[in-house]
Amino acid sequence: MTLVFTLGAARSLADPAAAFADARRWSAHVGVVANDTSAVDAFCDRHDLENDYALRDWDKWGTLADVRESTDTPRHVFVGTSGEDRRLADTVGWEFRTAREAAERAGWELGNPDPPDREADAGILTRLRRAVLDRLH
């Protein structure tokens with residue numbers, strides 16, 4: 001299996017390092033994606049997680065499509081937190097699970113997520129709009 005978490009889903013895990021270690025026992029590839037690659041890198045560094053996906057400066061859509069093409073596993077599961085994440089999974093041919101569903105199935109605990117980084121899952125246009133508005137105020 002190839003398993004990908006959104007940054008929000010990974011943040012919702014009580015112990016991301018333990019969950020990733022467990023997932024690696026039954027998954028060929030495990031990682032985190034978001035539109036903000038620096039936020040993913042910081043999260044992975046903070047929790048000492050190895051991200052199997054080379055994040056580029058593109059959005060989750062491009063990353064998931066690239067991962068789907070480059071991995072030869074029978075299942076591709078995308079763990080997310082929103083309706084947009086579900087639409088993304090459906091569009092690029094991934095199974096979708098909410099963070100709660102994935103945690104229940106795997107026996108992981110959910111906890112208080114890290115402080116939210118609203119920029120982490122925002123699209124490029126949303127991030128640019130916020131940056132411009134912040135400069136104007």
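In this presentation, a residue is called buried when its relative accessible area is under 20%, exposed when that area is over 50%, and partly exposed in between, using a 1.4 Å probe and protein chains only. By that rule Asp72 is exposed, because its relative accessible area is 78%.

Good morning. The structure above is a predicted model, in which local features need pLDDT of at least 70 and side-chain atom pairs count only at pLDDT 80 or more, while totals for chains, interfaces and linings use all residues. Residues are numbered from 1 along each chain as its sequence is written, and side-chain values use heavy atoms, with hydrogens and water left out.

Let me start with the overall layout. The chain contains seven helices and four strands. Here helices (H or I, at least four residues) and strands (E, at least two) are DSSP runs, numbered from the N terminus. Their order from the N terminus is β-α-α-β-α-α-β-α-β-α-α. The chain has 137 residues, and 43% of them count as buried. Among contacts in the chain with a separation of 6 or more, 63% are between residues 24 or more positions apart.

I turn now to the interior. In soluble globular proteins, nonpolar side chains tend to be buried together. A nonpolar core is a set of buried Ala, Val, Leu, Ile, Met, Phe, Trp, Tyr and Cys residues joined through side-chain atoms within 4.5 Å. The largest such core in this model has 24 residues, and those touching the most other members are Leu3, Phe5, Leu7, Phe20, Val32, Val79 and Trp108. Two or more residues come from each of strand 1 (2–6), helix 1, helix 2 (16–26), strand 2 (29–33), helix 3 (37–46), strand 3 and helix 6. Helix 3 gives the most to this core, with four residues.

Which residues does Val32 touch, not counting residues up to four places away in sequence? They are Phe5, Thr6, Leu7, Ala10, Phe20, Val40, Cys44, Asn51, Tyr53 and Leu55. There is also a second, separate core of eleven residues, which includes Val4, Phe78, Leu88 and Val92.

Two of those residues, Leu88 and Val92, bring us to helix 5, where Asp85, Leu88, Ala89 and Val92 are buried. Seen down the axis, these buried residues fall within an arc of 95°, so they line one face of helix 5. The arc is taken from the directions from the helix axis to the C-beta atoms. The face turned away from the buried side carries the exposed residues Arg87, Asp90 and Thr91. The buried residues of helix 5 pack against strand 1, helix 4, strand 3 and strand 4.

Consider Ala89 in more detail. Ala89 counts as buried because its relative accessibility is 0%. Leaving aside residues up to four places away in sequence, Ala89 touches Phe78, Trp94, Glu95 and Phe96. After helix 5 comes Gly93, with a positive phi near 80°.

How do helix 4 and helix 5 meet? The axes of helix 4 (residues 60–70) and helix 5 (residues 83–92) come within 10 Å and cross at roughly 35°. These axes are lines fitted to C-alpha atoms, for helices over the stretch in contact, and angles run from 0 to 180 degrees between N-to-C directions. On the side of helix 4, the contact is made by Lys60, Trp61, Leu64, Ala65 and Arg68, and on the side of helix 5 by Glu84, Asp85, Arg87, Leu88, Thr91 and Val92.

Helix 6 (residues 99–106) has Ala99, Ala102 and Ala103 as buried residues. These three are on the same side of helix 6 because they cover an arc of only 100° around its axis. On the other side of helix 6, Arg100, Glu104 and Arg105 are exposed. The buried residues of helix 6 pack against helix 1 (7–11), strand 3 (76–80) and strand 4 (95–98). Just after helix 6, Gly107 takes a positive phi of about 80°.

Finally, two loop residues. Asp72 lies in the loop between helix 4 and strand 3. Its C-alpha atom is separated by 9.4 Å from that of Ala28, and the two residues are 44 residues apart along the chain. Asp48 is in the loop between helix 3 and helix 4. Asp48 has a phi near 55°, a positive value in a residue other than glycine. Is Asp48 buried or exposed? With a relative accessible area of 70%, Asp48 is exposed.

Methods
Contact = heavy atoms within 4.5 Å.
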